[in-house]
Amino acid sequence: MNGCAQTIQEVFKQLNSSEHGLTETEVQERLHKFGLNKLETQKKVSAVTIFLKQFQNFLVIILILAGFVSLGISFLPNQEESFIDAILIFLIIFANAIFGFMQDYKAEKSIEALKKLSMPRTWVIRNGLEKQISIEYLVPGDIVLLKEGDKIPADLRLLESVNLTLDESSLTGESLPVEKEIKELEENTVLAERKNMAYMSTACVRGKGKGIVIETGMKTELGKIAAELLKIHEKQTLFDLEIEHLAQKIGFGVLLVILIVALTEIFLHQSDFLTVFLISVSLAVAAIPEGLPAVVTLSLALGVNKMSKQNALMRRLSTVESLGSINVICTDKTGTLTENSMTVVQIFANQQVIQVTGSGLSVEGKFSQNVSEMSLLLKAGVLCNDAHRIREDGTYSFAGDPTEIAVLIPAYKAQLDIVQVRTEFKRIGEIAFSSNRKCMTTIHQNEKQIIVFSKGAPEIVLNKCNYFWMNGQKMELTSEKRTKFLEQNNLLAQQALRVLGFAFKENPESLTEKGVESDLIFLGLMGMMDPPRAGVKQAIADCRTAGIRVIMITGDNALTGKAVGHELGFSGSVIQGSDLDGLSQEEVCKLVEDASIFARTSPEHKVKILLALKQNGHSVAMTGDGVNDAPALKNSDVGISMGIRGTDVAKETSDMILLDDNFVTIRNAIEQGRGIFENIRKFVAYLLGANSAEVMVVFFGSLLGLGLPLTAIQLLWINLLTDGVPALALGLDPVPRDVMKQKPRKKEEKIINQRMVYFILTLGISATVILLYLFSLYNPAENLVKAQTVVFTGFVVFELIKVFLVRNFYSTKQFSNKWLFLAVGFSLILQVLVLFSPLKEFFKLPTLTVADLSIIGLAGLVFAVLVLGFIKLEKRILK
């Protein structure tokens, strides 16, 4: 029902309720009819489902088939070795699955940890009595009591409002609290202007009130948004799709090669089916980079862990890489670019403008003039104020209205004894602030006198003044002076400051409203703003250097948006949300390419801007904190929610959560994402370069009738030894220093580009030619095992050399990653153990002589020189 257009009596009648509330019988009936007051969410993915998901990769499926083929062959006579092959294959598959599961499960648990652990409670009137209940048991017709600090538990039509002021930013995007009233409104009043309504998830920041529940659960305004989100399917990142396509391409390539080799063996070499099966298994093991899933997962997981230490929590590992391709960031102003805390930055007192340093809730700051010149104004800010400082768990914070907190803090910066001031001037009366009066007056008494302090809109306060305070004396307020003070107010307002005026009076004739609010003495002005966060301006500049556009989208007015934008380096005109209304999508697409600040925007405007940018081919990151931002977060390439002030709905919808709500964290995350993408490219080139050589050696060895250069167990060892630890170490390469000076990669650009294909073929062909020559050199027809051992060891040496060739190809400093040298050393030691310890019996290897090892070393040197020559030629051609 639309309660805003109905009188209170009409609402009572429609809901069959009264100011005495419902009876328990009525409550039970309505609970049965309407259900619990809670939102539906997408079903949680079970741990079993997350684990089974690890086996859905196409490459993993082929490996599983290869494992079962090996297991089947092991039951044939004299094929016991195949059982070991099968066990090793299944162990690799299982290890990868466990690792992937741990990372995905940990990410989901991190999100759950951010949610509230208990169901909130609220006070209601039932059977004429006040009682506290869990909010999930609220039903339409319940009477709810509201006070400062409460979160609105359902959609309410207000019945009473005593200075009731709500923060509705999570639902409407309006940054300033809204004072509520109870009179009926027009039928078509927009949501943000329904002053007689209170909506689920908004918060009471001042005053008290009473309301009747008109909607609960999924029927609330919040529930409608939640219902829309349930219709939106979970998006796949470009990286997810690319890895999936890469796996499919490798998988189909493996099957094609196996088919060609099988046909060649059957029809050209008349091989038996057992030999064909053995070669097929060897090819499957050789072609599939078993380490790829683990290395990709680990590289992303390391990035996620590093980013979590930098206050960025990733909901999915693949989002880390997606951040690296972002070329537009649409960011909120309040709390992300700014402190989300009103701060007094200028004071006009004693006819001087005084600058105030410090920001947010910090009580550290300095004044540009002597504090004594404005001491009475600071006392007015303390006494005509309901905000107060509190201490919780050993730390200090403030409670109260955000504007009043801002007015109180300068007194702390001036080191006034707040407790002493409030004790000395005891409050004995108050005329509360209201939207009609636009001012607040408090009456105080000390041992000597009664003194009145008033604060509010400067023009209202000045209208109540006939005097002003100058150098400790009361002066007559002439029309000329009044005009000058109003001009000063306008100057502050033009800087997008919210301005309050202050006045006082000693010993009023009476304590009536007229008596205390007439013939006041004007004290001065305080101008406050939500200041930019430290480091944000530089972070925005870094993003622009990196080819990333930053667009500010705010619910605040154009003047405020422009002022904050100017301070942060934004240029150009400000587009208001109303300017987008009535424009076609094509016109919006043109508009978003030039604008950098959008003001007075609604959630619908946000989605419109996002869709236009995506239609123009941009990769867009979108920030948001309210439930109204959820559709935009879910439809963006990377949705970023706020960890401090963000709603649970926004967090669940997003891909990334800023634990500190800071734009600087976004910059850091993008930098990390780009570095991870570079590392992924390196180890993909390394792994595919290695596996292409293995496939070509097995393929051409079989095709040319030389025999099988490597057994399945040797191939598994090569992949485990060289593709495992060194590839993982490549994933630990530090982020290049110039990564934020490069332009974002294009949306359609793949991990494997033309340049990488050239490099992979160079590695594969060079290694194949040299290793097949070594194989033939050792006469495999007469001494197959020795020839296989030489190729086996040669492969290990070549793979370890490839690590450094890959880094050379991508212009990475060779000594920037100590873990890589440890990995290479570790792999060499393991290979030596296999060759010269009792382990060689397990692999059935003969002993290699010094001459054999020298030939292998020389072959490695030739391989390195050959590939370096190709790299040098390629770089020269690119220039």
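Predicted model: local features only at pLDDT ≥ 70, side-chain atom pairs only at ≥ 80, totals over all residues.
**Helices, loops and salt bridges**

Biologist: Is V695 buried or exposed?

Modeller: Here, buried means under 20% relative accessible area, exposed means over 50%, and partly exposed is in between (1.4 Å probe, protein chains only). V695 has 14% relative accessibility, so it counts as buried.

Biologist: How far apart in space are V695 and I258?

Modeller: Along the sequence, these two are 437 residues apart. Go from C-alpha to C-alpha in space, though, and V695 and I258 are separated by 9.8 Å.

Biologist: Which elements do the buried residues of α18 pack against?

Modeller: Helix α18 covers residues 536–545, and its V536, A539, I540 and C543 are buried. They cover an arc of only 100° around the axis (taken from the directions from the helix axis to the C-beta atoms), so they are on the same side of α18. Counting contact as heavy atoms within 4.5 Å, the buried residues of α18 pack against β9 (328–332), β21 (549–553) and α25.

Biologist: What ties K606 and D332 together?

Modeller: K606 lies in helix α22 and D332 in strand β9, so the pair ties together parts that are 274 residues apart in sequence. K606 is buried at 5% relative accessibility, and D332 is buried too, at 9%. Their side chains meet at 2.8 Å, N to O. With a side-chain nitrogen of Lys or Arg within 4 Å of a carboxyl oxygen of Asp or Glu as the rule, that makes the link a salt bridge.

Biologist: Which residue forms a salt bridge with E874?

Modeller: E874 is in helix α31 (residues 850–878) and its partner is in helix α27, so parts 119 residues apart in sequence are tied together. The closest N and O atoms are 2.7 Å apart, and the partner is R755.

Biologist: How far does helix α27 reach from its first C-alpha to its last?

Modeller: Helix α27 runs over residues 754–777, so there are 24 residues in it. The expected span is 1.5 Å times one less than the number of residues. That expectation is 34 Å here, and the helix comes close to it, reaching 34 Å.

Biologist: What is the phi of S201 near?

Modeller: S201 is in the loop between β6 (197–198) and β7 (203–215). At 14% relative accessibility, it counts as buried. Its phi is positive, in a residue other than glycine, and is near 85°.

Biologist: And what is the phi of R600 near?

Modeller: R600 is in the loop between β23 (597–599) and α22 (603–615). With a relative accessible area of 39%, R600 is partly exposed. It isn't a glycine, yet its phi is positive, near 50°.

Conventions
Residues numbered from 1 in each chain as written. Heavy atoms only, no water. Helix = DSSP H or I, 4+ residues; strand = E, 2+ residues; numbered from the N terminus.
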